[in-house]
Amino acid sequence: MSAMNGKPFTVFVEGNIGSGKTTFLEHFRQFEDITLLTEPVEAWRNLQGWNLLDLMYKDPAKWAMAFQSYVSLTMLDMHRRPTPTPVKLMERSLFSARYCFVENMMRSGTLHPAEFAVLDEWFRFIHHQIPIEADLIVYLKTTPSIVHERIKKRARSEEQCVPLSYIEDLHRLHEDWLINRTLGECPAPVLMLDADLDLSQITEEYKKSEHQILRKAVDVVMR
Ligand SMILES: Cc1cc2cn([C@H]3C[C@H](O)[C@@H](CO)O3)c(=O)nc2[nH]1
């Protein structure tokens with residue numbers, strides 16, 4: 001399809017650590033009308049030589065603020081990036097940054113309330129001053145024990161000490177934000193997929209969203 005005028009149909013792909021977001025995004029690489037923006041983990045692992053992700057996991061009380069501040073900057077960059085295609089799929093968002101990760105770090109005391117207040121002010125300012133649209137949220141719903149096993153198998157070095165309780169806390173926050181609607185605001189309709197399925201079965205589950213996403217691509221172009 002030709003490049004389009006106006007805003008692309010924007011999808012946030014949300015889910016716990018290890019829920020298969022990158023795998024989901026890669027499934028859509030086969031379509032030329034979709035721009036994929038995966039989480040800039042490599043930038044978090046190497047900011048002018050500093051591995052902020054590792055520093056954060058090793059000493060959260062000291063580094064959570066710096067890490068989440070940089071994560072928000074990289075997410076804002078992704079939100080604002082011009083998209084030449086009718087559809088844009090983004091891994092996570094400024095919303096999950098605020099309502100899942102920053103919220104969790106505040107509730108657990110990892111972030112000092114004053115640090116939380118600064119991050120919250122930044123979120124509010126950005127959210128009110130800069131249009132960050134989404135048309136759909138794909139929520140890869142998982143069971144904490146299953147993704148905890150995956151994290152160990154995936155063996156991303158920085159994550160090896162992440163306890164199951166941390167995954168459970170993040171799960172509850174994703175559920176409250178996207179399903180129970182008791183936390184923050186949900187910027188778009190939510191399509192929930194069962195991401196507990198293993199790789200062999202998950203493609204069928206992804207196809208459920210394929211139709212909804214690609215059909216919207218046509219709508220956007222035909223607008
Ligand atoms: C928006 C956002 C993404 C994100 C990821 N992470 C962590 C979870 C994983 O270990 C790793 C890659 O998602 O980064 C985080 O601590 N805070 C975050 N905030």
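Modeller: H4 and H5 run roughly antiparallel to each other, where antiparallel is used for angles over 145 degrees, roughly parallel for those under 35, roughly perpendicular for 65 to 115 and oblique for the rest. Their axes cross at roughly 170° and come within 10 Å; each axis is a line fitted to C-alpha atoms, for helices over the stretch in contact, and angles between N-to-C directions run from 0 to 180 degrees. H4 contributes Ala 64, Gln 68, Ser 72, Met 75, Leu 76 and His 79 to this contact, and H5 contributes Leu 94, Ala 97, Phe 101, Val 102 and Met 105, contact meaning heavy atoms within 4.5 Å. By class these residues are 8 nonpolar, 3 polar and no charged; Ala, Val, Leu, Ile, Met, Phe, Trp, Tyr, Cys and Pro count as nonpolar, Asp, Glu, Lys and Arg as charged, and the others, Gly among them, as polar.

Please keep in mind that this is a predicted model, in which local features need pLDDT of at least 70 and side-chain atom pairs pLDDT 80 or more, while totals for chains, interfaces and linings use all residues. Residues are numbered from 1 along each chain as its sequence is written, and side-chain values use heavy atoms, leaving out hydrogens and water.

H5 spans residues 94–107; helices (H or I, at least four residues) and strands (E, at least two) are DSSP runs numbered from the N terminus. With 14 residues, H5 reaches 18 Å from its first C-alpha to its last, close to the 20 Å expected, the expected span being 1.5 Å times one less than the number of residues.

Now the start of H5. Ser 93 caps the N-terminal end, with a side-chain oxygen 3.2 Å from the backbone nitrogen of Phe 95. Arg 92 lies in the loop between strand E3 (87–91) and H5. Is Arg 92 buried or exposed? At a relative accessible area of 7%, Arg 92 is buried. Its side chain joins that of Glu 39 in a polar contact of 2.5 Å; such a contact is a pair of N or O atoms within 3.5 Å, and within protein one must be able to donate a hydrogen and the other to accept it, with residues adjacent in sequence counting only if both atoms are side-chain atoms. Beyond its neighbours up to four places away in sequence, Arg 92 touches residues including Phe 12, Val 13, Lys 21, Met 75 and Phe 101. Most residues other than glycine have a negative phi, yet Arg 92, which is not a glycine, has a positive phi of about 65°. Just after H5, Gly 109 also takes a positive phi, of about 85°.

Tyr 166 is buried, with a relative accessible area of 16%. Leaving aside neighbours within four places in sequence, Tyr 166 is in contact with Phe 101, Asn 104 and Met 105, as well as Ile 17 and Tyr 57. The buried residues of H8 pack against H5 and also E1, H3, strand E4 (136–141), helix H7 (144–154) and strand E5 (190–194). Arg 181, in the loop between H8 and E5, has a positive phi of about 60° although it is not a glycine. This residue is partly exposed, at 46% relative accessible area.

The axes of H4 (residues 60–80) and H6 (residues 113–129) come within 10 Å and cross at roughly 10°, which makes the two roughly parallel. Met 65, Gln 68, Ser 69 and Leu 76 of H4 meet Glu 115, Val 118, Leu 119 and Ile 126 of H6, a contact of 5 nonpolar, 2 polar and 1 charged residues. Within H6 sits Asp 120, buried at 10% relative accessibility, and its side chain makes a polar contact of 2.7 Å with that of Arg 124.

Notes. Buried means under 20% relative accessible area, exposed over 50%, partly exposed in between (1.4 Å probe, protein chains only).
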